[in-house]
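Here's a quick walk through a predicted model. Have a look at the sequence and the structure first, then read on.

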Amino acid sequence: MTLVVAGRCRLFLDPGNVALVVESLRYAERNGYSRSTAWVVMPDHVHWLMELRRGSLASCMGLLKSRSARLLNLRLGRQGQLWQHGYHDHALRDDESLVHAARYVMTNPIRAGLSSAIGEYPHAWSRWP
């Protein structure tokens, strides 16, 4: 899954804002909607590799986007749209695709010049070391 901030605003340069998105990702998992495999919060977008556990993909993404928008708007003292409309999704078909996708997520900060090695970027997580 890829979610993009409206206007590509770089809201996630602030670690406090990142923490609210991460809390929202974990909320979806705690409430049985998803099982995260890997995620990275980039300055203006989020990549999330997950297994849908309950409900529809649309309901899971709606939960994530609405919860994170509410928390971030409250923190920033603002109202209105936080995320671009919709999201990009891609279904994986086998374990090899899963490993490749997790590697893609974890190397996104390297490709963007934000880190030089997997594990160095502070706003990324994976089930696999």
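What percentage of the 129 residues of the protein chain count as buried? The value is 43%, where buried is under 20% relative accessible area, exposed is over 50% and partly exposed lies in between, with a 1.4 Å probe and protein chains only.

A word on the ground rules: this is a predicted model, so local features need pLDDT of at least 70 and side-chain atom pairs count only at pLDDT 80 or more, while totals for chains, interfaces and linings use all residues. Residues are numbered from 1 along each chain as its sequence is written, and side-chain values use heavy atoms, with hydrogens and water left out.

**Overall build**

The protein chain has three helices and four strands, running β-α-β-β-α-α-β along the sequence. Here helices (H or I, at least four residues) and strands (E, at least two) are DSSP runs, numbered from the N terminus. The C-alpha atoms fill a box of roughly 40 × 35 × 25 Å along the principal axes. The radius of gyration, taken over C-alpha atoms, is 14 Å, which agrees with the value near 14 Å for a compact globule of 129 residues; that rule is 2.2 Å times the number of residues to the power 0.38. Of the contacts (heavy atoms within 4.5 Å) with a separation of 6 or more, 63% join residues 24 or more positions apart.

**Two helices, packed**

Helix α1 (residues 15-30) packs on helix α2 (residues 57-76) at about 150°, and their axes are 9 Å apart. The two are therefore roughly antiparallel, a label for angles over 145 degrees on a scale from 0 to 180. From α1, the contact includes Leu20, Val21 and Tyr27, and from α2, Leu63, Leu71 and Arg75 are among the residues involved. By class, the contact has ten nonpolar, four polar and three charged residues; Ala, Val, Leu, Ile, Met, Phe, Trp, Tyr, Cys and Pro count as nonpolar, Asp, Glu, Lys and Arg as charged, and the others, Gly among them, as polar.

| Residue | Relative accessibility |
|---|---|
| Arginine 8 | 42%, partly exposed |
| Tryptophan 125 | 28%, partly exposed |

Arginine 8 sits in the loop between β1 (2-4) and α1. Its phi is positive, about 55°, although arginine 8 is not a glycine. Most residues other than glycine have a negative phi.

Tryptophan 125 belongs to strand β4 (residues 124-126). Beyond its neighbours within four places in sequence, tryptophan 125 is in contact with Ser36, Thr37, Ala38, Trp39 and Met106. Threonine 37 is 88 residues away along the chain, yet the two C-alpha atoms are separated by 8.2 Å.

Methods:
Angles under 35 degrees count as roughly parallel, over 145 as roughly antiparallel, 65 to 115 as roughly perpendicular and the rest as oblique.
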